[in-house]
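Dear colleague,

Please find below the structure for your records. My notes on its helix packing follow.

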Amino acid sequence: GWACWKTYLGRPHTNGIRCDAMRILGSALRRSRPEEALLVLEANLALLRRYWSHDEGCILIAQANLAACLGELGRHDEAL
């Protein structure tokens, strides 16, 4: 999680590996700190929509991860 993110943090926002590191961090945090994970997953989705809007598969995965996190937090209406 954090080690992966720290490794690639210095790369540009448009770097795919940096975006992957953010996704990995969000997924890792979901298990232990879902409130923090939510912030990371929201930022990851925003980044994808801004720089990779053409990659529908990645956006769908990010939306699914965000919805799952919202569900785990009991925010089911927002997860829809």
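Axes here are lines fitted to C-alpha atoms, for helices over the stretch in contact, and angles run from 0 to 180 degrees between N-to-C directions. Helices are DSSP runs (H or I, at least four residues), numbered from the N terminus. The model is predicted: local features need pLDDT of at least 70 and side-chain atom pairs pLDDT 80 or more, while totals for chains, interfaces and linings use all residues. Residues are numbered from 1 along each chain as its sequence is written, and side-chain values use heavy atoms, without hydrogens and water.

Helix H3 (residues 34-51) packs against helix H4 (residues 56-72) at an angle of about 160 degrees, the axes being 9 Å apart. The two are therefore roughly antiparallel (an angle over 145 degrees).

Contact means heavy atoms within 4.5 Å. Among the residues of H3 that meet H4 are Leu41, Asn44 and Leu48; the H4 side includes Ala62, Leu66 and Cys69.

Asn44 is buried, with a relative accessible area of 3% (buried means under 20%, with a 1.4 Å probe and protein chains only). Leaving out residues up to four places away in sequence, Asn44 touches Cys19, Met22, Arg23 and Ala62.

The largest nonpolar core comprises 19 residues, and Leu48 and Leu66 have the most contacts inside it. Such a core is a set of buried Ala, Val, Leu, Ile, Met, Phe, Trp, Tyr and Cys residues joined through side-chain atoms within 4.5 Å. H3 gives the most to this core, with seven residues.

Yours sincerely

Note on methods. Buried means under 20% relative accessible area, exposed over 50%, partly exposed in between (1.4 Å probe, protein chains only). Angles under 35 degrees count as roughly parallel, over 145 as roughly antiparallel, 65 to 115 as roughly perpendicular and the rest as oblique.
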